[in-house]
Amino acid sequence: MADSVAVKPRDAVTEPARGGHRSTKRSRREARAAYLFLAPWFAGLLVITIGPIVASLYLSFTDYSLLEEAQWIGWDNYVRMFTEDPRFLNSLWVTTVYVVVSVPMQLAFALALALVLDRGLRGLSFYRSIFYLPSLLGGSVAIAILWRKVFGADGLVNAVLAVFGIQGTGWVAHPDYALGTLILLHVWTFGAPMIIFLAGLRQIPSSYYEAAAVDGAGPLRQFRSITLPLLTPIIFFNLVLELIKSFQSFTQSFIVSNGSGGPADSTLFYTLYLYLQGFRDYDMGYAAAMAWVLMLIIAGLTGVNFLASKYWVFYGDTK
Amino acid sequence: MATPSRPIPFLFRPFRGGRIVRHALLIGFGLVMLYPLLWMISSSFKPEDLIFRQPGLWPSEVTLENYTDGWTALKHPFGYYLWNSAVVTGLSVIANLVACSLAAYAFARLEFPLKKLWFTLMLGGIMLPYHVTIVPQYIMFSKLDLINTIWPLVMPKVLATDAFFIFLMVQFIRTLPRELDEAAEIDGAGYWRIFIRVVMPLCLPALATTAIFTFIWTWNDFLSQLLYLNNPDNFTVPVALRTFLDASSDSSWGPMFAMSIIALGPIFGFFLAGQKYLIRGISTTGLK
């Protein structure tokens with residue numbers, strides 16, 4: 001990722017030289033101070049993060065309902081997931097469609113708007129704020145409620161369509177369209193990646209464009225040969241971020257379907273199904289197994305992205 | 001920001017009137033985007049039967065009934081849930097500010113064994129899906145009898161699990177000149193004093209970004225509040241709003257919209273007040 005690359009250099013390079021001159025007494029004092037500063041974080045790492053991850057792994061091999069003792073059942077949960085539970089496979093499919101359609105669309109909007117807003121446009125900060133606002137609101141229950149009504153049978157969309165004499169349907173209640181409304185909701189929040197794109201565009205030296213213009217490169221050519229390649233690290237960063245985030249979407253599907261994933265399981269997101277299994281049916285072993293599969297999926301997605309990035313992400317002069 | 005010497009970008013360059021076209025398109029697009037929001041605001045002031053007959057923004061009849069009805073529609077007046085949300089959110093902000101800045105200072109300025117390993121683990125925490133730990137966390141908090149308290153919501157923040165903010169502050173602290181720390185050290189200040197007196201005051205922008213994002217994310221957060229708050233006496237705004245859906249026949253959309261507007265109000269306020277920090281926060285964590 002763009003940032004983790006940038007994180008290490010400074011200290012890594014300067015530290016050994018400094019460390020060499022320091023007395024061990026001093027460095028021991030420094031280490032003790034560091035661990036004190038980090039004490040809350042260490043406690044969190046243990047109790048809130050690593051402990052539960054390990055516990056989750058154990059639980060995923062058990063049948064556990066919170067009331068009774070956990071029963072070890074081996075791989076049963078995993079086997080059940082992929083062979084006996086069509087709802088699980090469906091939720092995986094629904095989520096995949098959601099991610100695969102909405103993330104590229106969202107990033108395309110973000111990039112397009114960033115290009116239009118970049119450079120020399122008066123009112124930049126005004127537009128930027130307007131386009132960014134939905135990103136802040138998009139995850140809230142209030143907006144999901146609004147969405148439910150905008151795309152409802154007697155909602156805003158149909159009222160607007162009626163003006164043109166078109167008879168709309170109840171979009172959120174229709175198995176073919178309900179997921180589409182959630183995808184639109186995700187695309188609607190393109191403001192955050194747009195701001196990252198804007199910041200990236202600003203780092204491209206204008207001299208590149210001037211030189212290209214002198215050589216007679218037209219606007220499209222400039223975009224293809226300068227803007228796009230130099231922006232690939234940012235595109236990559238946004239892609240990883242949004243993939244991870246959208247795979248975990250929960251609130252929207254919960255509210256729009258009122259906790260059911262309906263109609264006909266067409267909005268049953270992975271995390272919603274996990275929630276229903278774990279906290280409505282109290283099948284916590286199964287939910288834990290789902291959580292582990294989710295983690296593997298996300299780790300896999302990120303890994304594949306990093307590998308693939310070698311072929312299309314351009315990191316300037318760095319090797 | 002905008003350097004005039006730069007050539008106009010590729011879009012619209014061929015046209016002379018490009019700038020006006022561009023503004024017109026942007027404003028049009030912005031309007032379409034924000035229309036649902038504006039419609040919700042306007043609908044919240046319309047009498048119930050007009051909401052879905054008028055897609056327009058200007059109410060032909062203005063009423064506050066939706067607000068008065070919505071405020072008292074649930075078990076408690078809506079202000080009660082606002083207060084609950086404010087408590088959870090406020091404590092989360094304080095917890096994140098303290099815990100994340102402590103950790104960030106250590107990562108950015110101090111040397112200690114296994115630093116690389118811990119730092120990598122911290123970065124990994126940013127990527128970790130919340131759902132992976134959710135089941136054991138729930139079990140743990142329920143064994144500790146803490147369901148229906150604010151502890152499951154605030155405790156993770158006290159323990160600096162929002163690694164994103166640690167990272168944000170590490171990045172920020174690294175841009176501060178080390179000479180300041182060294183000067184303070186020569187004057188006999190210990191690490192704690194340097195942290196409090198030198199580093200933190202310079203970190204105000206990063207702290208502001210952290211506070212604003214924590215506020216917005218916690219205020220919006222639904223899953224963990226849904227999970228841990230089951231008793232209407234403890235409901236926060238998102239969970240309370242959700243019960244509107246359960247209770248509602250189609251006739252209560254007006255009050256529901258009105259309360260949704262109230263729920264979004266604080267976010268909107270923080271957005272207006274803290275735009276600078278929000279935008280800087282996103283662009284720097286993405287890039288620097």
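Tutor: Let us begin with a term: helices, of at least four residues, and strands, of at least two, are DSSP runs that are numbered from the N terminus. Please keep in mind throughout that this is a predicted model.

Student: With that in hand, in which loop does Leu66(A) lie?
Tutor: Leu66(A) is not a glycine, yet it has a positive phi of about 80 degrees. As for its place in the chain, Leu66(A) is found in the loop between β1 (62–63) and β2 (71–72) of chain A.

Student: How many helices and how many strands are there in chain B?
Tutor: Read from the N terminus on, the elements of chain B run α-α-α-α-α-α-α-α-α-α-α-α-α-α. Chain A, for its part, has 16 helices and 2 strands. For chain B the count is 14 helices and 0 strands.

Student: How far apart are the C-alpha centres of the two domains, domain 1 and domain 2 of chain A?
Tutor: The division of chain A gives domain 1 as residues 24–53 and domain 2 as residues 79–312. Between the C-alpha centres of domain 1 of chain A and domain 2 of chain A the distance is 36 Å.

Student: For residues 35–59 of chain A, what distance separates the end C-alpha atoms?
Tutor: In an unreviewed entry, UniProt lists residues 35–59 of chain A under "transmembrane region", along with 92–117, 129–147, 177–201, 226–244 and 284–308. Another of these spans, residues 226–244 of chain A, is 100% helix and 0% strand, with end C-alpha atoms 28 Å apart. Residues 35–59 of chain A are 96% helix and 0% strand, and there the end C-alpha atoms are separated by 32 Å.

Student: And over residues 253–273 of chain B, how far apart are the end C-alpha atoms?
Tutor: The unreviewed UniProt entry for chain B gives "transmembrane region" for several spans, including residues 117–139 and 253–273. Over residues 117–139 of chain B the chain is 91% helix and 0% strand, and the end C-alpha atoms lie 29 Å apart. Residues 253–273 of chain B are 100% helix and 0% strand, with an end-to-end C-alpha distance of 30 Å.

Student: Which helix gives the largest share of the side of chain B that touches chain A?
Tutor: The contact takes 93 residues from chain A and 78 residues from chain B. On the side of chain B that touches chain A, the residues divide into 56 nonpolar, 15 polar and 7 charged. The largest share of that side, 14 residues, comes from residues 253–287 of chain B, that is, from helix α14.

Student: Is Ala160(B) buried or exposed?
Tutor: Ala160(B) is placed in the loop between α7 (151–158) and α8 (163–174) of chain B, and it has a positive phi of about 55 degrees although it is not a glycine. A residue counts as buried if 20 or more other C-beta atoms lie within 10 Å of its own. Because Ala160(B) has 29 other C-beta atoms within 10 Å, it is buried.

Student: Which residues of chain A does Thr161(B) touch?
Tutor: Thr161(B) is also placed in the loop between α7 and α8 of chain B, and with 27 C-beta neighbours inside 10 Å it counts as buried. Met122(B) is 39 residues away from Thr161(B) in sequence, but the two are 8.7 Å apart in space, C-alpha to C-alpha. Leaving out residues up to four places away in sequence, Thr161(B) touches Gly125(B) and Pro156(B) in chain B, and in chain A Gly44(A), Ile48(A) and Thr49(A).

Student: How many of the 12 residues of α8(B) are buried?
Tutor: The 12 residues of α8(B) should span 16 Å at 1.5 Å a residue, which agrees with end C-alpha atoms 17 Å apart. Among the buried residues of α8(B) are Phe164(B), Phe165(B), Phe167(B) and Phe172(B). The helix α8(B) is mostly covered, and the number of its buried residues is 10.

Methods:
Residues numbered from 1 in each chain as written. Chains lettered and ligands numbered in written order. Predicted model: local features only at pLDDT ≥ 70, side-chain atom pairs only at ≥ 80, totals over all residues. Domains from an automatic or database assignment. UniProt positions renumbered as here; feature names shortened; annotations may be inferred. Contact = placed C-beta atoms within 7 Å. Nonpolar A, V, L, I, M, F, W, Y, C, P; charged D, E, K, R; others polar. Expected span 1.5 Å × (residues − 1).
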